[in-house]
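Here are my notes on this two-chain model, point by point.

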Amino acid sequence: MVFEYLMQAVFTVLTPMNMLVLFLSVGAGLVMGMLPGLSATMAIALLTGLTYNLPTQSALIGLLGVYVGSISGGCQSAILLNIPGTPASAATALDGFPMAKRGDGGHAILLATTSSALGTLISVIFVLTLTPFLTNLALKFASWEFFLISIFGILICGALTAPGNALKGWLSGILGLLVAMIGLDTVDTFARFSFGNVNLMSNIQLIPVMIGLFGFPEVVKSFKREGSGIPLKVAKFQFKRGLSSVFRNWTAVIRSSIIGVVVGIIPGVGEDTGGWLSYWASKSRSKDPDSFGNGNELGVISAETGNNACIGGALIPVLSLAVPGSAPAAVLLAAFLMHGYRPGPLLMTESPSFVYNVSIYLIGASLMMWVLALIISRGTVRILGINKKILMPVIFLLCVVGSYLINYTYFDIKVMFVFGLIGLALTSANFPAAPFLLGVILGPMADSNLRRGLRLSDGSLLPMLQRPICLFFLAIIVFMILGQTGLLKILKRNRS
Amino acid sequence: MEMKQKDFNISLVLVGLGLYTTIEGVRMYRKAARPPYNIEQFSISPGFMPTVLGAMLLILSIVLLAKSIKGTGFRTQLSDLLAWSKQAIHDTDIRLMVIGMVIMAVYSFFLIGLLPYWLSSVLYLIALMAFLRATKVWKIILISFFAVGLVIVLFQVVFNVSLP
């Protein structure tokens with residue numbers, strides 16, 4: 001059966017229409033990824049609205065294509081300009097830029113692109129093996145477990161996306177949860193925070209919120225005056241040299257892939273962390289750690305493999321638990337929901353082919369990315385030279401269209417604008433937007449499951465404390481709160 | 001603006017929001033206790049989650065507020081905020097961003113509903129790019145028509161969806 005699903009997915013990708021979608025989406029992802037200020041999250045958020053009318057499988061191919069493309073595309077500007085196109089490529093710049101300065105820019109791009117493709121491909125193995133296992137585990141979940149896993153997801157996302165100040169991440173998550181409360185509640189159809197407005201009663205749509213939070217601030221920030229960098233030239237590739245470099249360092253590729261997948265699985269931790277951790281692991285195991293930061297090939301290979309392996313890793317909890325592993329994966333979860341899929345424990349029962357489709361589409365996207373990235377890299381310098389004051393107003397046009405297409409209402413355009421202002425205020429005060437979005441996504445699940453559980457137990461929280469999985473989540477949540485607020489240190493000090 | 005000052009500003013807003021949400025949650029509980037809902041138990045009321053979230057928002061934003069005024073004091077931060085607001089009016093970057101957002105708001109809230117999509121979008125692009133002095137005027141006009149044309153062809157012709 002699994003083989004049939006996989007073959008079916010292969011044939012779906014190979015249709016001319018879907019190949020075109022893959023080509024365009026990976027290409028768009030690469031371009032958006034390499035332009036600093038246009039993140040992977042924004043790229044997927046923008047495309048989600050645009051795929052609304054596409055056939056479901058084509059839309060999925062397009063979304064995964066733009067995800068893989070945008071995470072991989074960031075390395076080109078990181079190598080040529082020392083400006084990572086996306087935060088995921090920040091670690092790549094450390095060694096990629098020195099390589100470019102000494103005339104090895106083309107070689108560095110070849111290494112980065114090949115490692116990116118390998119990272120995604122290896123992560124697919126984990127998607128195929130771990131997702132059914134986690135899905136089976138999640139079948140044991142009831143209302144209390146779903147409530148706690150939503151809260152756990154938001155808390156850990158808040159803590160990890162606001163390093164050094166988890167408070168801001170948690171506040172952002174609470175704001176998202178509050179937004180999810182707007183409209184008729186799913187248990188009693190009671191209108192909350194609606195002010196008699198019919199549009200608000202039918203809940204806030206996720207896509208305009210997402211586009212507003214991630215797209216709008218980048219558009220507005222580009223209005224500032226800025227200095228322009230001088231792009232370097234891309235030297236010619238030497239395929240034999242590049243490929244032998246990557247395969248000579250196969251242990252680093254495998255290690256970085258595993259790190260990337262594990263980091264991706266943790267809710268809220270993104271591709272940037274995957275890249276940095278893989279880089280750090282390679283550096284700490286190297287016989288010549290001082291060469292890192294001065295153009296060491298292994299630095300580029302590790303960082304790019306690690307950040308791309310996060311793609312598969314981040315998709316594992318999305319598919320099995322409906323809890324996204326990273327900000328782009330959160331947007332992707334919303335897109336899956338929009339296209340009629342219900343990721344979570346019942347996914348393997350309701351849509352058994354979905355996991356296999358996603359895996360094959362990821363493989364297709366990574367192969368397409370490898371080819372396209374190397375072709376595009378010849379024109380990277382020109383793409384990076386596009387005036388942002390021209391590009392960003394046009395991007396806002398797409399934000400408007402993307403928001404409008406969900407329900408064909410002007411109201412959603414206004415929602416996008418309002419959440420854009422909120423996103424701008426949050427980012428300017430260093431509040432991460434990812435927990436906010438996660439709150440909006442997981443809010444209905446948390447609210448309805450908590451109240452369902454309470455209703456069944458006649459308002460008592462005691463049953464939550466009698467279930468082993470709940471106790472496990474509660475212990476992690478308490479430990480995390482104590483750790484992040486510094487109370488754990490105080491407790492340890494008092495005890496000693 | 002310093003991060004502590006930004007934390008102070010945003011925590012003030014969040015304290016207000018937390019207060020409002022908590023009160024509104026309690027009001028929801030009271031409303032739900034009456035017919036037709038008749039939900040008298042607070043923990044299963046639709047107002048439960050908003051009240052809990054509002055209270056958490058209030059507590060956490062007070063902690064953030066306390067952190068932001070540590071070592072400076074509430075009044076000092078407040079006067080700094082007022083001083084910054086006066087300065088901000090003359091800041092070129094802030095002025096560019098605010099006026100840019102006003103142009104975007106006019107397009108999103110009014111123009112797009114009043115005029116045909118292509119006209120409102122072309123007007124918006126010309127206005128914003130001209131304000132930002134993105135390039136020469138004739139190039140701005142050309143780029144605006146080209147970009148809107150591309151969007152229309154892509155969505156209305158290729159994807160077969162209707163635009164605003």
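1. Let me begin with the cover over one helix. The buried residues of α1(A) are covered by elements of chain A that include α2 (16–34), α4 (56–81), α6 (105–138) and α18 (354–376). Helices (H or I, at least four residues) and strands (E, at least two) are DSSP runs, numbered from the N terminus. Buried means under 20% relative accessible area, exposed over 50%, and partly exposed in between, with a 1.4 Å probe and protein chains only.

2. A word on conventions. This is a predicted model, in which local features need pLDDT of at least 70 and side-chain atom pairs count only at pLDDT 80 or more, while totals for chains, interfaces and linings use all residues. Residues are numbered from 1 along each chain as its sequence is written, chains are lettered from A and ligands numbered from 1 in the order in which they are written, and side-chain values use heavy atoms, with hydrogens and water left out.

3. Back to α1(A). Tyr5(A), Leu6(A), Ala9(A) and Val13(A) are its buried residues. Seen down the helix axis, the buried residues fall within an arc of 95 degrees, so they line one face of α1(A); the arc is taken from the directions from the axis to the C-beta atoms. The face turned away from that buried side carries Phe3(A), Glu4(A) and Phe11(A), which are exposed.

4. Now the interface. In it, 63 residues of chain B are in contact with 60 residues of chain A, contact being heavy atoms within 4.5 Å. The two chains bury about 5500 Å² between them, 80% of it on carbon and sulfur atoms; this is the accessible area (1.4 Å probe) that two parts lose on being put together, summed over both. Met49(B), Met97(B) and Met104(B) supply 11% of the area that chain B buries against chain A, more than any other three residues.

5. How many salt bridges are there between chain B and chain A? The count is one, where a salt bridge is a side-chain nitrogen of Lys or Arg within 4 Å of a carboxyl oxygen of Asp or Glu. Lys168(A) and Asp7(B) meet in a salt bridge at 2.7 Å, N to O. On the chain B side that touches chain A, α4(B) gives the most, with 13 residues.

6. Leaving aside residues up to four places away in sequence, Ser11(B) touches Ser61(B), Leu64(B), Leu65(B) and Ser68(B).

7. Finally, charged pairs within chain A. Arg192(A) and Asp447(A) meet in a salt bridge at 2.6 Å, N to O. Arg192(A) lies in strand β2 and Asp447(A) in helix α22 of chain A, so the pair ties together parts that are 255 residues apart in sequence. Arg192(A) is buried at 2% relative accessibility, and Asp447(A) is buried with a relative accessible area of 2%. Salt bridges that share partners join Asp185(A), Asp188(A), Arg192(A), Asp447(A), Arg451(A) and Arg455(A) into one network.
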